[in-house]
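Here is a short briefing to read alongside the structure. Please keep the model open as you go through the points.

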Amino acid sequence: MGRAVTVATCALNQWALDFEGNLERIFRSIHIAKSKGARYRLGPELEICGYGCSDHYYESDTLLHSFQVLEKLLESPATQDIICDVGMPILHRNVRYNCRVIFLNKKILLIRPKISLANAGNYRELRWFTPWSKARHVEEYFLPSIIQEVTGQETVPFGDAVLATKDTCLGAEICEELWAPNSPHIEMGLDGVEIFTNSSGSHHVLRKAHARVDLVNSATAKNGGIYILANQKGCDGDRLYYDGCAMISMNGETVAQGSQFSLDDVEVLVATLDLEDVRSYRAEISSRNLAASKVNPYPRVKVNFALSCPDDVAVPTCMPIQWRHHSPEEEISLGPACWLWDYLRRSKQAGFLLPLSGGIDSSATACIVYSMCHQVCLAVKNGNADVLADARRIVNDETYVPEDPREFCKRVFTTCYMASENSSQDTCNRAKLLAEQIGSYHINLNIDAAVKAVVGIFSVVTGQTPRFSVYGGSSRESLALQNVQARIRMVLAYLFAQLTLWTRGMPGGLLVLGSANVDESLRGYLTKYDCSSADINPIGGISKTDLKNFIQYCIENFQLTALRSIMSAAPTAELEPLVDGQVAQTDEADMGMTYAELSIYGKLRKIAKAGPYSMFCKLINMWKEICTPREVASKVKHFFRMYSVNRHKMTTLTPSYHAENYSPDDNRFDLRPFLYNTSWSWQFRCIDKQVNVL
């Protein structure tokens, strides 16, 4: 037999419950794989229905339509003479499993259920699926009639088995199983499996890509072998962005790397590799061979098919490459931009509207939209027909070709500076200049009349007129007046989003973008139902520190010089009266903590699982050079008081791009009560006791 095997993996931009679109993208990936000579094609996890179906997995319709798509794949000539490995949910003996269906020439070879389910952070697989707990055990699965009619099979193997082709042996892992401490590839490799496959639904988190790459390479570094990873890409209907990074590795080294961020719906990687390199690599690892001699064997499904060709001595094989990782600033520029594009085209809206205050957060959001426009123009330049068709539909022009990011930005992006008597001329000028440089359609308006009208209604009803604290009012009055301004801005944002295009003689409406960062959300430093209330928020999972670095990146890479003055200005809400024409209110003074401190609190609270006492114990060491224990105690208490008082705001937080593992998103990532005993009496007493000892 031959020794050079050609295999393909892919990253597909699947969409939950979009069975027709998902099928088309699967077919396209198979066609590309075959055209490049591949004899095996691997796709992402649950690619037939889309990973993010959530409680739709309970519905029999989801199972039915998945089988209908499988039927189309099985009967198509496109899937002949290539082993196809696709993902879908399957009900076996009234238990629902997350499965791989592996087939060849209208015959299902094996249905392999997932063994280790992802159930932490954003993942809830145990809610919908049951893990297969019968190691190295295979049962008969009775196929539904629509599949029987195509395959001529009544039953097929279902369980934990591997495929033995005429020239090699393949074993499947599914996403989480790579991350598990007892990954199946360990035992499979010892049992002679030479090619490991992994179908993933893995989402983007800042600085995470290297962990996935390291896991794949280490899987074959100790045991030898070929590892093929497929992943979903894009926004499939919720807060997550699946970041591709399909890859192929051999003997601990990467040989093929897919893109992490792109607007291509289908990306296929193909590699030709020499099986003898695996065998010779394993031959000299004596510890591996001793363990292999005692391994409990896997059931093997024999396949009368080869991944290699008989006469392949002269066939060139792939060489190792160096993986290129994006910087965090590049990740912020590209990930949320791709997520916004998916959301825009799939929601069938005509663009975005952003309240642009002239501060760092809204400016960073504007830069992400500008980056999206760059990505669209680049994709069209590179011949992406899907992106061109979407762009033409969004701008309602069948002949349009987006070539200049600034020109495209003017068509799809509206920015709006909403001034009040408390706004400075500096922020107005900054917003206007940034809008000019990115090309957005910019609106200047004043909200004072609306604020006075609302406060006037209150005065008529109650006979009382609230005042700012600088004019002798109480803190309650001042806060209420600030909140009125903030909430009126939200109402006006939605009004202009619905009707701005109408005034310009253009069809459609705009999606409203929010721009509260992850630190402000954690602290609750925002008005409930203000401009943080929007349709989506591309920076809601990103820290202030990372956003500042991203702004610097945009200055250097997009030549947006307007950002320099925005970077140097102190962050401010501009909701309190000016003093001598200058801003007196600053965010950090209002919050009683710095953004740098907030990031540390956030990571300790969520990632380190620290309550008030544990956080205090960690920080007295971290901050021993700058704070006394009593000062640390005061800071920790203030944070937890403010966090718990404002936690209710997280229940209405705008859906945000998930980018940080300390996100306070209440929807499914950070599950906490929103009515706390904000005195934390027992916890704070423990802190006080320790302070007195110290």
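Contact here means heavy atoms within 4.5 Å. This is a predicted model, in which local features need pLDDT of at least 70 and side-chain atom pairs count only at pLDDT 80 or more, while totals for chains, interfaces and linings use all residues. Residues are numbered from 1 along each chain as its sequence is written, and side-chain values use heavy atoms, leaving out hydrogens and water. Helices (H or I, at least four residues) and strands (E, at least two) are DSSP runs, numbered from the N terminus.

**A helix pair**

- In α22, Pro612, Tyr613 and Phe616 meet Gln683, Phe684, Cys686, Ile687, Gln690 and Val691 of α24.
- By class, this contact has 7 nonpolar, 2 polar and no charged residues; Ala, Val, Leu, Ile, Met, Phe, Trp, Tyr, Cys and Pro count as nonpolar, Asp, Glu, Lys and Arg as charged, and the others, Gly among them, as polar.
- The axes of α22 (residues 612–622) and α24 (residues 681–693) lie 8 Å apart, at an angle of about 30°; axes are lines fitted to C-alpha atoms, for helices over the stretch in contact, and angles run from 0 to 180 degrees between N-to-C directions.
- The two helices, α22 and α24, are therefore roughly parallel to each other, a label for angles under 35 degrees.

- In β10 (residues 195–200), 6 of 6 residues are buried, that is, under 20% relative accessible area with a 1.4 Å probe, protein chains only.
- Ile195, Thr197 and Ser199 point one way from β10, and Phe196, Asn198 and Ser200 point the other way.
- Strand β9 (residues 169–174) pairs with β10 in the parallel sense over 5 bridges; two strands pair if DSSP finds at least two bridges between them.
- Strand β11 (residues 226–234) runs parallel to β10, joined by 6 bridges, and Leu229 of β11 stands opposite Asn198.

- Four strands, in the order β19-β18-β17-β20, form an open sheet with parallel pairing.
- Its edge strands, β19 (441–446) and β20 (511–512), each pair on one side only.
- Strand β18 (residues 413–419) is joined to β19 by 6 bridges, with Ala419 opposite Asn446.
- Helix α11 (residues 360–381) packs on the sheet, where α11 touches β17 (352–355) and β18, and its direction makes about 160° with that of β17.
- Helix α13 (residues 405–412) also packs on the sheet, touching β17, β18 and β19, with a direction about 65° from that of β18.

Conventions. Angles under 35 degrees count as roughly parallel, over 145 as roughly antiparallel, 65 to 115 as roughly perpendicular and the rest as oblique. Buried means under 20% relative accessible area, exposed over 50%, partly exposed in between (1.4 Å probe, protein chains only).
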